[in-house]
Amino acid sequence: MMTLPNGSAFQQGLIASIPNLRAFANSLCGNSTTADDLVQDTLVKAWNSSASFQEGSNLRAWLFTILRNTYFSDLRKRSREVEDVDGALAERLSVLPSQNSHMDLLDFRTAFDELSDDQKEVLVLVGAEGFSYEEAAKICGCAVGTVKSRVNRARGALGKKLGLDEAADVSEQTKAALRLVERAGHRST
Amino acid sequence: MSQKEKDSGKLACESGQVSLPPELQGKLGKRLRDSYSDLVNQPIPDKFLVLLEQLKSAEPPKAEPPKEGK
């Protein structure tokens with residue numbers, strides 16, 4: 001069967017986006033089996049609604065929108081079902097980065113996995129995929145300001161989890177010092 | 001646009017949210033990209049290519065999906 005040239009260009013675009021779709025899905029799900037199911041669903045949906053894709057617009061952004069909408073709608077469905085906690089945990093442990101597997105990155109992955117889905121999503125879109133705040137807002141279907149505050153909160157949370165938040169350490173020291181001063185003050189009265 | 005982003009970045013800092021010093025933001029950003037690129041650099045499993053071939057032979061894109069009875 002002959003296929004339209006447009007069709008194969010679209011197909012090539014989908015193939016080229018698969019590594020990023022898998023990375024995004026893995027970041028959201030935290031386990032590779034669910035992530036691959038999600039990518040598969042995304043590809044089928046994209047194929048079936050290719051008519052709604054505007055040629056010349058950003059295919060990756062369009063695909064990411066489909067993926068995250070599918071993820072959040074699945075999540076809502078699943079939250080009504082009983083979750084296999086042990087299974088999910090076992091799978092999560094089986095996903096390890098292939099390279100760069102030194103402690104820093106393992107710590108990072110652990111800290112990242114503990115973020116809320118909203119925070120993971122914007123961090124990946126803006127920090128790793130390089131989408132602008134405006135593009136990320138469009139993908140997530142929320143306001144630009146919301147994306148910005150989520151990114152800020154996510155950074156703050158990561159910094160704290162990883163012990164990078166030196167500002168927080170300083171303020172703890174300051175508090176400790178103030179407590180000492182306070183105690184000394186009490187003693188002298 | 002970049003000026004706009006700078007301006008709104010300033011706003012985000014001024015709105016009293018937790019914001020890390022630029023140096024730490026850079027550190028975090030690097031770890032995020034390293035961690036993410038590990039995921040992106042994994043080879044594409046064949047099942048996805050098979051799936052796309054199946055979709056292609058079932059119906060060309062840009063056509064209406066068949067109405068299957070559920």
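## Starting with axes

An axis here is a line fitted to C-alpha atoms, for helices over the stretch in contact, and angles run from 0 to 180 degrees between N-to-C directions. Two packed helices are described by the angle between their axes and the distance between the axes. With that in hand, take α8(A) and α2(B): their axes come within 11 Å and cross at roughly 85°. That makes α8(A) roughly perpendicular to α2(B) (angles of 65 to 115 degrees count as roughly perpendicular, under 35 as roughly parallel, over 145 as roughly antiparallel, and the rest as oblique).

Before going on, a word on what you're looking at. This is a predicted model, where local features need pLDDT of at least 70 and side-chain atom pairs count only at pLDDT 80 or more, while totals for chains, interfaces and linings use all residues. Residues are numbered from 1 along each chain as its sequence is written, and chains are lettered from A and ligands numbered from 1 in the order in which they are written.

## The two chains

Chain A has nine helices and zero strands, and chain B has three helices and zero strands. Both kinds of element are DSSP runs numbered from the N terminus: helices are H or I with at least four residues, strands are E with at least two. Read along the sequence, chain B goes α-α-α.

Of the 189 residues of chain A, 32% count as buried; in chain B, buried residues make up 14% of the 70 residues. Buried means that 20 or more other C-beta atoms lie within 10 Å of a residue's own; 12 or fewer makes a residue exposed, anything in between is partly exposed, and the C-beta atoms are placed from the backbone. Among chain A contacts between residues at least 6 apart in sequence, 61% join residues at least 24 apart. Two residues are in contact if their C-beta atoms, placed from the backbone, lie within 7 Å.

## Where the chains meet

Back to α8(A) and α2(B). On the α8(A) side you'll find R155(A), L158(A) and G159(A), which meet L24(B), Q25(B) and L28(B) in α2(B). By class, the residues of this contact divide into three nonpolar, two polar and one charged. Ala, Val, Leu, Ile, Met, Phe, Trp, Tyr, Cys and Pro count as nonpolar, Asp, Glu, Lys and Arg as charged, and the others, Gly among them, as polar.

Helix α2(B) (residues 22-40) also meets α6(A) (residues 117-128), with axes that come within 10 Å and cross at roughly 95°. These two helices are therefore roughly perpendicular to each other. L123(A), V124(A), G127(A) and A128(A) sit on one side, with G29(B), L32(B), R33(B) and Y36(B) on the other. The contact of α6(A) with α2(B) has five nonpolar, two polar and one charged residues.

## Two helices up close

Helix α8(A) covers residues 144-161, and its 18 residues reach 26 Å from first C-alpha to last, close to the 26 Å expected at 1.5 Å a residue. The expected span is 1.5 Å times one less than the number of residues. Buried residues of α8(A) include V147(A), V151(A) and L158(A), along with K148(A), R150(A) and R155(A). After the helix comes G163(A), whose phi is positive, near 70°.

Helix α3(A) has 20 residues and reaches 28 Å, close to the 28 Å expected. Its buried residues are W62(A), L63(A), F64(A), L67(A), R68(A) and Y71(A).

## The nonpolar core

A nonpolar core is a set of buried Ala, Val, Leu, Ile, Met, Phe, Trp, Tyr and Cys residues joined through C-beta atoms within 7 Å. The largest one has 42 residues, and those with the most contacts inside it are A25(A), L67(A), V122(A), V126(A), A136(A) and V147(A). Helices that each supply at least two residues of this core include α3, α6 and α8 of chain A, together with α2 of chain B. The largest share, eight residues, comes from α1(A).

Leaving aside neighbours within four places in sequence, V126(A) is in contact with F131(A), Y133(A), A136(A), V147(A) and V151(A).

F131(A) lies in the loop between α6 and α7 of chain A. Is F131(A) buried or exposed? F131(A) is buried, because 22 other C-beta atoms lie within 10 Å. Not counting residues up to four places away in sequence, F131(A) touches A61(A), L125(A), V126(A), A136(A) and I139(A).

N20(A), in helix α1 of chain A, is also buried, with 20 other C-beta atoms within 10 Å. N20(A) and F131(A) are 111 residues apart in sequence and 13 Å apart in space, C-alpha to C-alpha. Beyond four places in sequence, N20(A) touches R60(A), E129(A) and V40(B).
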